[in-house]
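The report that follows goes through the domains, the nonpolar cores and the charged pairs of one protein. Please keep the sequence and the model at hand while reading.

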Amino acid sequence: MNSKDHNPPYPADTLGMDADEMRRLGYAAVDAVIEHLENKHSEAAIACEDPESLLAALGGALPENPQPSEASFDLLMHSALRNQQHGDHPRYFARVPGPSSFAAIIGEWLGVGFNTIAASWPGGAGPSAVELVVIDWLRQLMDLPEDTEGILVSGGSQASLTAIAAVRACRGQGCVYLSDQTHASILRALRSLGFSDNELRVLESDADHTLTAKAVQNAIAADKQTGLKPMMVIATAGSTNTGAIDPLHELADLCEEHRLWLHIDGAYGAPAALTQRGAGRLAGMSRADSLTLDPHKWFFQPYDVGCLLIRPGVLEPCFNMNPEYLKDVSGGDDAPDFRNRGFELTRRSRALKLWFSLRTYGIAKFRDAIDYSIDLTEFAEDYLRQNSQRWEVVTPAQIGIVCFALRGASGDEHERRANSLSESGFACATTTKLKGRTVLRLCIINPLTTKADIVETIDRLGA
Ligand SMILES: Cc1ncc(COP(=O)(O)O)c(C=O)c1O
């Protein structure tokens with residue numbers, strides 16, 4: 001029987017709306033987003049009201065009865081959505097911005113509207129196929145071997161957690177080598193997976209804030225001498241603090257020599273490989289046994305989406321589960337059940353937005369946008385150097401990040417200046433600590449940022 005042969009009457013959809021109401025609210029939501037996207041230059045880069053006033057505005061009695069949707073919509077717009085870091089603002093330079101692109105937003109909306117699920121092949125063949133395609137596109141962009149497997153997850157933290165869990169399941173206990181510049185989420189992943197302090201080697205980074213092969217080599221030798229088993233090296237392809245890239249070829253050579261797993265955290269920096277300059281600096285990244293990407297950063301996707309690319313045959317032995325109630329939703333070799341590749345069973349499709357935006361804009365536009373940010377960060381460094389009586393460049397422009405200090409200013413003074421700039425709403429910048437010294441830091445990855453934005457932000461930080 002054709003599904004259209006099912007005729008009403010259906011029960012009244014008390015948790016739905018009639019078509020006119022859906023359109024009215026839906027179009028209002030689209031208009032609100034487009035208005036935000038068109039005007040974001042002139043809105044605050046960050047806003048953060050105190051908990052008391054936000055809870056007073058958004059809280060109140062449990063809404064037992066219907067409340068007018070217009071009033072709730074306005075409350076969300078003016079209290080909830082306004083009060084956040086606007087990572088898509090052209091002068092949002094803190095931590096890692098989130099300059100999401102409109103086609104990706106549309107892809108996300110479609111997925112939500114159709115309540116997509118990508119847990120099993122039979123239960124979500126379409127979204128799963130999109131995920132396979134997107135994973136393979138990302139694999140090609142990262143120049144990894146054709147048989148690489150992958151999964152989309154909520155972000156970089158989750159991608160690395162998934163990789164480490166799978167490697168541990170395959171290889172058992174052993175020592176892991178990382179640096180004091182490795183992202184904090186990785187140490188957290190290792191600890192939460194039960195690695196003891198005795199297995200964790202957080203090595204001091206060198207003057208360029210990278211993990212040297214020499215440091216790892218020495219630590220491996222020391223561990224072997226005391227009978228411990230080296231297991232994994234974690235390299236960073238673009239650190240959050242400075243954008244520094246570890247010597248990937250040298251670390252890959254070392255891993256080959258000692259048969260260690262090489263996990264590379266490219267959550268921040270890997271997309272730079274799309275550009276000629278970035279590919280040169282990231283040489284060796286394609287030798288990773290597993291690679292973390294974070295498309296909600298420099299691949300211009302709305303939150304959330306991370307990606308793990310990994311050698312074949314490692315995820316499923318760790319994550320496979322086929323209980324009796326899931327037997328009829330199992331695919332096959334060419335039709336994977338993504339629930340068996342990671343921690344999530346019910347999982348939404350994070351692939352639709354990537355697929356739709358990569359196709360809509362084409363890779364060349366992504367490449368140009370990334371290249372432009374690398375230029376702009378070099379411009380920021382040049383501007384600081386031109387004003388060297390006032391500014392010191394602490395770490396040079398490295399794929400989108402530059403760290404600097406106001407001559408004679410203390411760490412507290414840097415923090416005060418960054419905070420007061422953020423409070424002004426004009427721009428958002430933060431400090432970080434490098435070798436014990438608190439410095440200012442800009443992360444510039446938004447293709448809408450201009451040179452004038454950079455100059456004005458630096459001038460205001462120095463005023
Ligand atoms: C290098 C690096 N790794 C991992 C992460 C964690 O990513 P997520 O916040 O998406 O979990 C970040 C976040 O900024 C990062 O910069």
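By about how many helical turns are Arg-139 and Asp-136 separated in helix α5? Being three residues apart in that helix, the two are separated by about one helical turn, where helices (H or I, at least four residues) and strands (E, at least two) are DSSP runs numbered from the N terminus.

## Basis of the model

This is a predicted model, in which local features need pLDDT of at least 70 and side-chain atom pairs count only at pLDDT 80 or more, while totals for chains, interfaces and linings use all residues. Residues are numbered from 1 along each chain as its sequence is written, and side-chain values use heavy atoms, with hydrogens and water left out.

## Domains and their interface

The protein is divided into domain 1 (106–362) and domain 2 (364–462), with bounds that come from an automatic or database domain assignment; their C-alpha centres lie 29 Å apart. Contact, meaning heavy atoms within 4.5 Å, joins 30 residues of domain 1 to 25 residues of domain 2. The two domains bury about 2,400 Å² between them, 61% of it on carbon and sulfur atoms, buried area being the accessible area (1.4 Å probe) that two parts lose on being put together, summed over both. On the side of domain 1, Arg-277, Trp-298 and Phe-300 lose the most area to domain 2, together 26% of what that side buries.

Four salt bridges are counted between the domains, a salt bridge being a side-chain nitrogen of Lys or Arg within 4 Å of a carboxyl oxygen of Asp or Glu. Glu-378 forms a salt bridge with Arg-277, with the closest N and O atoms 3.3 Å apart, and another with Arg-281, where the corresponding separation is 3.5 Å. Because Glu-378 lies in helix α13 (residues 363–386) and Arg-281 in helix α10, the latter pair ties together parts that are 97 residues apart in sequence. Glu-378 counts as partly exposed at 25% relative accessibility, as does Arg-281 at 37%; the classes are buried under 20% relative accessible area, exposed over 50%, and partly exposed in between (1.4 Å probe, protein chains only).

## Nonpolar cores

A nonpolar core is a set of buried Ala, Val, Leu, Ile, Met, Phe, Trp, Tyr and Cys residues joined through side-chain atoms within 4.5 Å. In the largest one, which has 86 residues, Met-142 and Met-285 touch the most other members, and helix α6 (residues 156–171) provides the largest share, seven residues.

Leaving aside neighbours within four places in sequence, Met-285 is in contact with several residues, among them Met-142, Leu-144, Leu-248 and Ile-264. A second, separate core of 21 residues includes Tyr-383, Trp-391, Leu-406 and Ile-444.

## Charged pairs

The structure holds 29 salt bridges. One of them joins the side chains of Glu-131 and Arg-347 (2.8 Å, N to O), linking distant parts of the chain: Glu-131 is in helix α5 (residues 125–141), and Arg-347, 216 residues apart from it, is in the loop between α11 (315–319) and α12. Glu-131 is buried at a relative accessible area of 0%, and Arg-347 is buried at 2%.

The side chains of Arg-139 and Asp-136 also meet in a salt bridge (2.7 Å, N to O). Here Arg-139 is buried, with a relative accessible area of 9%, whereas Asp-136, at 29% relative accessibility, counts as partly exposed.
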